[in-house]
Amino acid sequence: MLKIVVFGAGGKAGSTAVAEARARGHEVTPLVRSMADVTDPAAVARGAVGHDVAIAAVAEASADPSVFFRAAAESLVTGLKEAGVSRLVWVSLASLLPDASGVPMADSVGFPAEFQPFSVAHRTALDIIRGSGLDWVAVSPSGNFDLEGKPAGVYHLAPGDLAQHITYADHARALIDEAERAQLRRTHIGVTN
């Protein structure tokens, strides 16, 4: 049994990760914004101390993504190190995954301009995590979340492909698998049904 802290537990990705971890018998501390501001390293450290793994499924709809994701990544790195938590499972974006040709979707011709600021902000956060020295993995849908489908109970690793879909429940399986086994280290993976 692991002790897992989930930052962003109030959102769909975070809440399904909490449910999956609890279903597997892990001790889970779900933290929402009002309990632990992920942009405050001291709050991250207080929330993470005593845990084996941290999962971060964070977003702030009302904030400038370039400010929020940078601050969140920096605070997670600082706070987790202070708390002695070395494993971070970060929920990332499909747009940062290389597609079948090896090009990240956000860098491909025709990628919608309106999604660029959010993608660039996530890329900055991922770069901060990459350089942190933490034992991390970023997990994102290979494409989009399937909001209407039923969980398949399985997932597969796949390159970025916006035609691919995964349910939140199956995405949570991947998050908790990586929390438990830490098979993939210091890499960004895409998962699909």
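The report below goes from the whole chain to the sheet, its helices and some individual residues.

**Overall build**

The model is a predicted one. The secondary structure of the protein consists of five helices and nine strands. Read from the N terminus, these elements follow the order β-α-β-α-β-α-β-α-β-β-β-β-α-β.

The protein has a radius of gyration of 15 Å, which agrees with the value near 16 Å that a compact globule of 193 residues would have. Along the principal axes, the C-alpha atoms fill a box of roughly 45 × 35 × 30 Å. Of the 193 residues, 50% count as buried. The accessible surface comes to about 8600 Å², and carbon and sulfur atoms make up 54% of that surface. Among contacts with a separation of 6 or more, 72% are between residues 24 or more positions apart.

**The sheet**

Seven strands form an open sheet with mixed pairing, in the order β2-β1-β3-β4-β5-β9-β7. Strands β2 (27-31) and β7 (156-157) stand at the edges with a single partner strand each, so one side of each has no neighbour in the sheet.

Several of the strand pairs can be described by their bridges. Strand β1 (residues 3-7) runs parallel to β2, and five bridges join these two strands. Strands β3 and β4 also pair in the parallel sense, over four bridges. Strand β4 in turn pairs with β5 (residues 135-141) in the parallel sense over five bridges. Strands β5 and β9 pair in the parallel sense, over five bridges.

The table gives bridge partners from these pairs.

| Residue | Partner | Strand of the partner |
|---|---|---|
| Ala54 | Leu88 | β4 |
| Trp90 | Ala138 | β5 |
| Val139 | Ile189 | β9 |

How many residues of β4 are buried? Five of its five residues are, and the strand is mostly covered. Arg87, Val89 and Val91 point one way from β4, while Leu88 and Trp90 point the other way. Both sets are buried, including Arg87. Strand β5 is mostly covered as well, with seven of its seven residues buried.

The links into and out of β4 pass through helices. From β3 the chain crosses through α3 to β4, and this β-α-β crossover is right-handed. A right-handed β-α-β unit is also made by β4, helix α4 (residues 116-130) and β5.

**Helices on the sheet**

Helix α1 (residues 12-23) lies across β1 and β2, and runs at about 165° to β2. Helix α3 (residues 65-83) packs on the sheet, where it touches β1, β3 (53-56) and β4 (87-91). The direction of α3 makes about 165° with that of β4.

**Val44**

Val44 is part of helix α2 (residues 41-48). Is Val44 buried or exposed? Its relative accessibility is 0%, so Val44 counts as buried. Leaving out residues up to four places away in sequence, Val44 touches Phe7, Asp37, Val38, Ser75, Leu76, Gly79 and Leu80. Val44 and Ser132 are 88 residues apart in sequence, and their C-alpha atoms are 15 Å apart in space.

Most residues other than glycine have a negative phi. Ala182 has a positive phi of about 45° although it is not a glycine. Arg186, likewise not a glycine, has a positive phi of about 55°.

The two residues can also be described by accessibility. Ala182 has 13% relative accessibility and therefore counts as buried, the cut-off being under 20%. Arg186 has a relative accessible area of 46% and is partly exposed, because that value is not over the 50% needed for exposed.

Conventions: Residues are numbered from 1 along each chain as its sequence is written. This is a predicted model: local features need pLDDT of at least 70, side-chain atom pairs count only at pLDDT 80 or more; totals for chains, interfaces and linings use all residues. Side-chain values use heavy atoms; hydrogens and water are left out. Two strands pair if DSSP finds at least two bridges between them. Contact means heavy atoms within 4.5 Å. Axes are lines fitted to C-alpha atoms, for helices over the stretch in contact, and angles run from 0 to 180 degrees between N-to-C directions. The radius of gyration is taken over C-alpha atoms; the globule rule is 2.2 Å times the number of residues to the power 0.38. Buried means under 20% relative accessible area, exposed over 50%, partly exposed in between (1.4 Å probe, protein chains only). Accessible areas come from the Shrake-Rupley method with a 1.4 Å probe; for residues, only the protein chains shown count as cover. A crossover is right-handed if, with the strands pointing away from the viewer, the path from the first strand over the helix to the second runs clockwise.
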